[in-house]
Amino acid sequence: MKRFTEKFRTKLYDSVAEIENNSQAEAVVIIKKASANYIIYSFAASALIGFILYTFFMFAPFDIDPYIMYLFTVISFAVAMTLFTFIPCLQRLIIPKKIRRKNAEINARAIFQKGMIYNTMEHTGFLIYCSVLEKETVFMPDNGLNLIFSEDDMDKLTKMFENIFNAKDVPNEILRTMHESVPTFAKYLPHREDDINELPDNLDVDL
């Protein structure tokens, strides 16, 4: 999360304001460090590594002191557990993408409900949920947007946001994608002078 600095936060609020000042859409962006606790995957992968090492010791074509077998097995488990728990790129290797995506979607739906993003007068709110550990982005529009947007434009928007983590510079990609989405929102929801901001820009939901 070190990449998401205070400077980025300021630019993010500006990007939200750009969308809302040029359309009637209500934007909410949530960035979370992780969508779930994956300690069970770290434990299982570490146990497997320890088992493989112990099996090698048992069937090696040379004699190994039992104390050394025990010591190296325990150490291998501890080291693997530490690496798989605290290094995100290694953790992602042992977590199926389907599980990562599912957890991101579950959290996005929970935030959408608990944050009452659905509760705008014309149902024009939408959520951009970014989960850093999972490297997943969920774009969740309210029904009002789904009804007035063409299927092609909605698919284009969804793909734009869901591909954010494919970029090397994720914070800048978030800002760039939001900026590029402005014309689409303005096309279907042109700004009105009497439009009010119904959702807080700094929405934070405690799950």
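Is F185 buried or exposed? I looked this up in the model, which is a predicted one. With a relative accessible area of 1%, F185 is buried.

**Entry: aromatic pairs.** I searched the whole structure and found eleven aromatic pairs. In one of them, F126 and F185 are stacked, at 4.6 Å centre to centre and with 10° between the planes. F126 belongs to strand 2 and F185 to helix 8, so this pair ties together parts 59 residues apart in sequence. I noted that F126 is buried as well, its relative accessible area being 0%.

I then examined F139 and F161. Their ring centres are 4.9 Å apart and their planes stand at 25°; because planes under 30 degrees apart count as stacked, I recorded this pair as stacked. F139 sits in strand 3 (residues 136–141) and F161 in helix 7 (residues 151–162), 22 residues apart. Both residues are buried. I also traced a cluster that ring pairs form from F126, F139, F149, F161, F185 and Y188.

**Entry: helix 1 and helix 8.** I checked how helix 1 (residues 6–22) meets helix 8 (residues 170–188): the axes come within 8 Å and cross at roughly 5°. Helix 1 is therefore roughly parallel to helix 8. Among the contact residues I listed F8, L12 and I19 of helix 1, and I174, M178 and F185 of helix 8. The residues of this contact divide into eleven nonpolar, four polar and two charged.

**Entry: S131.** I located S131 in strand 2 (residues 125–131). S131 counts as buried because its relative accessibility is 0%. Leaving aside residues up to four places away in sequence, I found that S131 touches K32, A34, S35, A104, E136 and F165.

Key
Residues are numbered from 1 along each chain as its sequence is written. This is a predicted model: local features need pLDDT of at least 70, side-chain atom pairs count only at pLDDT 80 or more; totals for chains, interfaces and linings use all residues. Side-chain values use heavy atoms; hydrogens and water are left out. Axes are lines fitted to C-alpha atoms, for helices over the stretch in contact, and angles run from 0 to 180 degrees between N-to-C directions. Helices (H or I, at least four residues) and strands (E, at least two) are DSSP runs, numbered from the N terminus. Angles under 35 degrees count as roughly parallel, over 145 as roughly antiparallel, 65 to 115 as roughly perpendicular and the rest as oblique. Contact means heavy atoms within 4.5 Å. Ala, Val, Leu, Ile, Met, Phe, Trp, Tyr, Cys and Pro count as nonpolar, Asp, Glu, Lys and Arg as charged, and the others, Gly among them, as polar. Buried means under 20% relative accessible area, exposed over 50%, partly exposed in between (1.4 Å probe, protein chains only). Rings of Phe, Tyr and Trp (its six-membered ring) pair if their centres lie within 6.5 Å; planes under 30 degrees apart count as stacked, over 60 as edge-to-face and the rest as tilted.
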